[in-house]
Amino acid sequence: MAVDERSLTSRDFPVHWPVLTRWKDNDMFGHLNNAVYYELFDTAINAWINTSADVDPVTAPWLGVVAESGCRYFAELAFPDPLVVGLAVTRLGTSSVTYRLSVFAPDTDAAPVAAVGHWVHVYVDRTTRRPVPIPDAIRAVLAGAVVD
């Protein structure tokens with residue numbers, strides 16, 4: 001059964017990563033530019049993995065590349081709002097992981113989501129760019145955020 005993304009709240013995301021907005025994030029309409037959401041998603045995913053797993057993404061023989069991404073917007077956000085990116089793993093494969101992501105206000109129990117995105121990382125060999133299994137240290141971190 002498909003998830004009704006509009007009904008998701010902060011409770012539906014096992015990982016909450018705080019992010020700050022910047023003056024330059026607003027567009028000419030006075031709200032966060034749509035491209036900023038992708039930056040927030042990318043920052044939250046990589047910061048969470050890099051601070052939770054004992055790996056150095058700069059020197060590792062593999063890397064996670066974005067194979068797919070998307071976002072649906074439900075409410076406007078703007079600088080100087082402090083925000084939270086919610087992360088959930090919806091699929092944990094051999095060489096790829098699919099995330100459901102959201103953006104919401106901090107410090108609110110069951111905060112409604114302002115946007116919901118999806119993101120697919122495929123782990124590849126740094127040299128050949130061929131898929132490789134997700135490294136064990138990262139897989140262990142990801143497993144803690146798996147949802148149905």
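Arg 129 is partly exposed, at a relative accessible area of 48%. Buried here means under 20% relative accessible area, exposed over 50%, and partly exposed in between, with a 1.4 Å probe and protein chains only. This is a predicted model: local features need pLDDT of at least 70, side-chain atom pairs count only at pLDDT 80 or more, and totals for chains, interfaces and linings use all residues. Residues are numbered from 1 along each chain as its sequence is written, and side-chain values use heavy atoms, with hydrogens and water left out.

**Backbone exceptions**

Most residues other than glycine have a negative phi, and most peptide bonds are trans. Arg 129 has a positive phi, near 65°. Its place is the loop between strand 5 and helix 2. Helices (H or I, at least four residues) and strands (E, at least two) are DSSP runs, numbered from the N terminus. Ala 110, also not a glycine, has a positive phi of about 60°.

| Residue | Location | Phi | Relative accessible area |
|---|---|---|---|
| Ala 110 | loop between strand 4 and strand 5 | about 60° | 27% |

The peptide bond between Phe 79 and Pro 80 is cis, with omega about 10°. Pro 80 sits in the loop between strand 2 and strand 3.

Five strands form an open sheet in the order 1-3-4-5-2, with antiparallel pairing. Strand 1 (15–20) and strand 2 (62–73) are the edges; each has a single partner strand, so one side of each lacks a neighbour in the sheet. From one strand to the next, the twist averages 25°. Two strands count as paired if DSSP finds at least two bridges between them. Strand 4 (residues 96–104) and strand 5 (residues 115–125) pair antiparallel over eight bridges. Arg 100 has His 118 of strand 5 as its bridge partner.

Leu 101 also belongs to strand 4. Its relative accessibility is 0%, so Leu 101 counts as buried. Beyond residues up to four places away in sequence, Leu 101 touches several others, including Phe 13, Phe 41, Ile 45, Val 85 and Trp 119. Contact means heavy atoms within 4.5 Å.

**Helices and core**

Helix 2 (residues 136–143) lies across strand 2, strand 3 (82–92), strand 4 and strand 5, at about 110° to strand 3. Axes are lines fitted to C-alpha atoms, for helices over the stretch in contact, and angles run from 0 to 180 degrees between N-to-C directions. Helix 1 and helix 2 pack at about 115°, with axes 10 Å apart. Trp 48, Ile 49 and Ser 52 of helix 1 meet Ile 138, Val 141 and Leu 142 of helix 2.

Which residues have the most contacts inside the largest nonpolar core? They are Trp 48, Tyr 99 and Leu 142, in a core of 33 residues. Such a core is a set of buried Ala, Val, Leu, Ile, Met, Phe, Trp, Tyr and Cys residues joined through side-chain atoms within 4.5 Å. Helix 1 (34–52) is one of the elements giving two or more residues to this core. The largest share, eight residues, comes from helix 1. Another core lies apart, with eight residues, among them Leu 8, Ala 88, Phe 104 and Ala 111.

Ser 10 is in the segment before strand 1. Ser 10 is buried at 4% relative accessible area. Its contacts beyond four places in sequence include Phe 104, Ala 110 and Ala 111.
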